[in-house]
Amino acid sequence: MAQEIVNLNVIKAKVQTFKLEQLKEVLQQLSMSRSGKKEELSNRILDLFKDAAHLNSSGHRVVDQDRLTNAALVVDAVYRRLRDAELKHLAQTHRSVALHRHVDEVEARYRTAAGGANKRARITAPAAAPAAARPPVAGGELGIEEVIGRFLDGSEGLGLLNTQVRCLCAAATRIEPLLQCCGACCGVWQHVECVKQQLTLKPGLPPLRDAVTHTPLVQRAAFFCERCRVSRADPFWELFDPTVMLPVLGRPNGRSTTVGLVPDVPCSGTGMREVLLSRHQVTLLKAKEAEYKLQAFCLQLDDPVPFRFHWPMAANLIWSGSGTLLQQTVPACRRGHLKLGTNQRDEPYDLAAAVRGFPTSHGPCTVSIELRYAEPEPHYIFMVAIMRRRTREQVKALMKQPESLEAAVERVRRHMRGGSSSSSGAAASSSTAAAAAANGHAGPGGVIDDDDDVVMGNTVVSLKDPYSNQRMATAARFVDTAGAAPSAFDLDSFLEVAQATRKWMDPHSSKPSCVQSLQVDAYLTHILRVLAGLPEVTEVEITPEAHWRPAGSAAAFIDEEDDEE
């Protein structure tokens, strides 16, 4: 692993993308001088790796190999933050795209030359099953102007430009089938066999199967890598630095135990792993404990709720960071021998105690940690990362962009007519016509008698928040879990509950979602603004044409044109 990380060509490619600010940040974390011009700072970083790279290429190991490995991790962490920041803020030009793509190509060439392709057997899919996805050619399949245009209108992100393979197996080889992460600023590729998932197949096609258990892999409409899943599991905590320890998959360890009343349950574990923290990271974690935390957590690969932390059954952590071996039981929101329900969430484990007693004057900090658990099929990812707290306003900035009032009115009309889209509405109309013709209600020439049509009635919608039972101030909804009738909840009340419980679920349908699918309901929020002077109104009556009036009132219905007047 050290030889793979400390490679001069990879380090040089990453340092070339750095600006003066990033160069000084790397030198500060490495406790080196930060004075001089940009070229001098860049050479100062590269000189740290030149001799070690020559020895590593000759098959030798230097005395301070651990220090160089930690320095390479610092360079990688600063590079990843720079790359994500440029993608998020659209500081993306042809030059920066080419530089980041060059880093991916250098890493891929080095890992392939180091034998990465021989570390993993080729995965072959059944002949009838199509590959889940194919990686784009270098440079992406779309032009940079079109990709940025899709990012600006919110339809897609710049992640689809990414050609990097960053899989859980640590092999950078393009072994198909592959899946690309749908994160707007991510887009990494991972092997289908490693993540135990595939995209939803077309009807009639057989699913891909696990190579060991031969069970069908989980089908999802969209795939997200482990980092994007963690970011969506609790948006109030940002994944600040996930490079302190690489994700590790559990493996059977040949042991068995009794879980509850079930004897001889096979055990699994990750083996002892090392978390490498620089002196700057240790100082940050100790000085700002309320803002930064070192946390350990688990994700289940085939979890029906992808955006949540999920510890295995009978999970135990063994870690040592302050000179004493301590065995800790992972705190979970359930008894250790019970499966996690759909409406339940697990909490991450705080490793602050492992860092608190470590003196910052001793340089980098190493925390040894191991996860042991009892599961017959160990499809779990164990991760340790530095997390940074987000404010409520920062979480609101992650929400889906609000729709216009015109688009919201058209959405309500579709919902009131029994469909969520124009195609479904057309399908419903055609099925109604077919049913009427079959029952003999069609007139001459196949024209259906209007008197026999089903007339959609008005609907009464509550303006009360399901959490506080008070009238909503700002109506919000999940775009991927909305029902047929307009329904919403108060945005601030929901965020308060979500922050305490980590549950991002629609309170009306109880379906899980994420903050990226949370959106302000422009239609109901507009009604609330019009009724600001009538706090006693808690229900409105809505027609199939999206006209509305206070429930129980004999007043005329109001449409959007009347509201604007």
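Author: Start with the ground rules. This is a predicted model, where local features need pLDDT of at least 70, side-chain atom pairs count only at pLDDT 80 or more, and totals for chains, interfaces and linings use all residues. Residues are numbered from 1 along each chain as its sequence is written, and side-chain values use heavy atoms, with hydrogens and water left out.

Now Lys196. Its phi is near 60°, a positive value in a residue other than glycine. Lys196 sits in the loop that runs between helix H8 (192–195) and strand E3 (197–199). Helices (H or I, at least four residues) and strands (E, at least two) are DSSP runs, numbered from the N terminus. Lys196 is buried, at 13% relative accessible area. Buried means under 20% relative accessible area, exposed over 50%, and partly exposed in between, with a 1.4 Å probe and protein chains only.

Ala314 also belongs here. Phi is positive at Ala314, about 50°, although this residue is not a glycine. Its loop lies between strand E10 (292–300) and strand E11 (316–320). Ala314 is partly exposed, with a relative accessible area of 30%.

Next, the setting. The chain has 17 helices and 21 strands. Of its 565 residues, 47% are buried. Take contacts (heavy atoms within 4.5 Å). Among those between residues at least 6 apart in sequence, 68% join residues at least 24 apart.
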